[in-house]
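Hi everyone, thanks for coming. Have a look at the model on the screen, and I'll talk you through one part of it.

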Amino acid sequence: MATRLAVVSFLNTRPLVHALETGRIEHRFDLAYDVPSRCAERLHSGDADVALIPSIEVARGPVPYRVVPEVSISSLGPVRSVLLLNRKDPADIRTLALDVNSRTSAVLSRILLQKRFGCRPDILHLPPDAGRMLDRADAAVIIGDAALAVDVTSSSVIDLGEAWTGLTGLPFVYACWAGRSDALDPGQTRQLIRAKALGVREIPAIAADCASSHSGSAEFYADFMGNRIRYDFGEAELEGLNLFYRYARELGSIGNIPRIRFYAQS
């Protein structure tokens with residue numbers, strides 16, 4: 001029986017699953033694609049065995065999850081695809097519209113607004129339409145592919161990956177493979193790690209394919225996936241993730257700080 005993988009449908013995940021999609025790796029995974037919030041819901045409900053879930057959702061699962069080692073979607077500095085758009089000085093933001101598809105970035109934005117700018121805005125959850133969000137709120141968080149279309153040279157845009165690293169000096173982990181403790185055997189864990197390694201090598205080809213079906217150029221997507229997004233999960237990423245959980249608990253967004261346990265590779 002195939003292991004059910006829930007995969008975030010954003011462009012930044014493509015290097016993690018490209019080798020699985022193209023048959024470069026023979027596997028027993030059944031891939032299904034959805035937005036981040038739905039991937040988390042599918043894992044929590046048991047509709048998926050393993051999912052690429054927002055990192056905050058590791059702390060919200062019905063049981064303790066294990067995480068695939070060496071693989072994440074993270075950044076160190078500007079990430080380009082997680083943005084806060086604001087109509088006011090950040091310290092004066094009173095209302096914040098959050099993308100209904102976002103979980104981790106929703107919490108990250110509130111942490112950064114509080115710790116860097118001293119504001120605690122009222123929250124609205126809205127579909128990811130920047131114009132409509134800003135019609136109803138002082139600021140809006142846009143993530144994923146929708147954020148890639150935003151002009152980041154504007155003074156009214158804050159890159160939340162850059163803001164996090166500026167505050168902490170650490171990487172930020174947006175998502176990781178997670179599942180129940182018995183969902184992956186060591187061979188499958190190694191396959192997901194190898195798929196990442198192969199996908200990262202294939203970023204130029206993946207970027208060219210993205211350019212054929214999206215509005216950006218191959219160079220833009222190659223820079224995004226090759227320089228803005230990081231796909232490793234090492235000690236620095238773990239340190240950044242644990243600090244994020246600590247801040248999220250202070251904010252009241254999670255109950256307990258999870259202990260990150262990794263799937264075995266042997």
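First, the ground rules: residues are numbered from 1 along each chain as its sequence is written. This is a predicted model, where local features need pLDDT of at least 70, side-chain atom pairs count only at pLDDT 80 or more, and totals for chains, interfaces and linings use all residues, while side-chain values use heavy atoms, with hydrogens and water left out.

Our strand is β9, residues 139–143; strands are DSSP runs of E, at least two residues, and helices runs of H or I, at least four, numbered from the N terminus.

Who are its neighbours? Strands pair if DSSP finds at least two bridges between them. β6 (residues 82–86) runs antiparallel to β9 with five bridges, and Leu 85 sits opposite Ala 140. β7 (residues 95–99) runs parallel to β9 with three bridges, and there Ala 97 is partnered with Ala 140.

Zooming out, the open five-stranded sheet has the order β8-β7-β9-β6-β10, with mixed pairing. β8 (122–126) and β10 (157–159) are at the edges with a single partner strand each, so one side of each has no neighbour in the sheet.

Finally, helix α3 (residues 104–117) lies across β6, β7, β8, β9 and β10, and helix α6 (residues 160–168) lies across β6, β9 and β10.

Notes: Buried means under 20% relative accessible area, exposed over 50%, partly exposed in between (1.4 Å probe, protein chains only). Contact means heavy atoms within 4.5 Å. Axes are lines fitted to C-alpha atoms, for helices over the stretch in contact, and angles run from 0 to 180 degrees between N-to-C directions.
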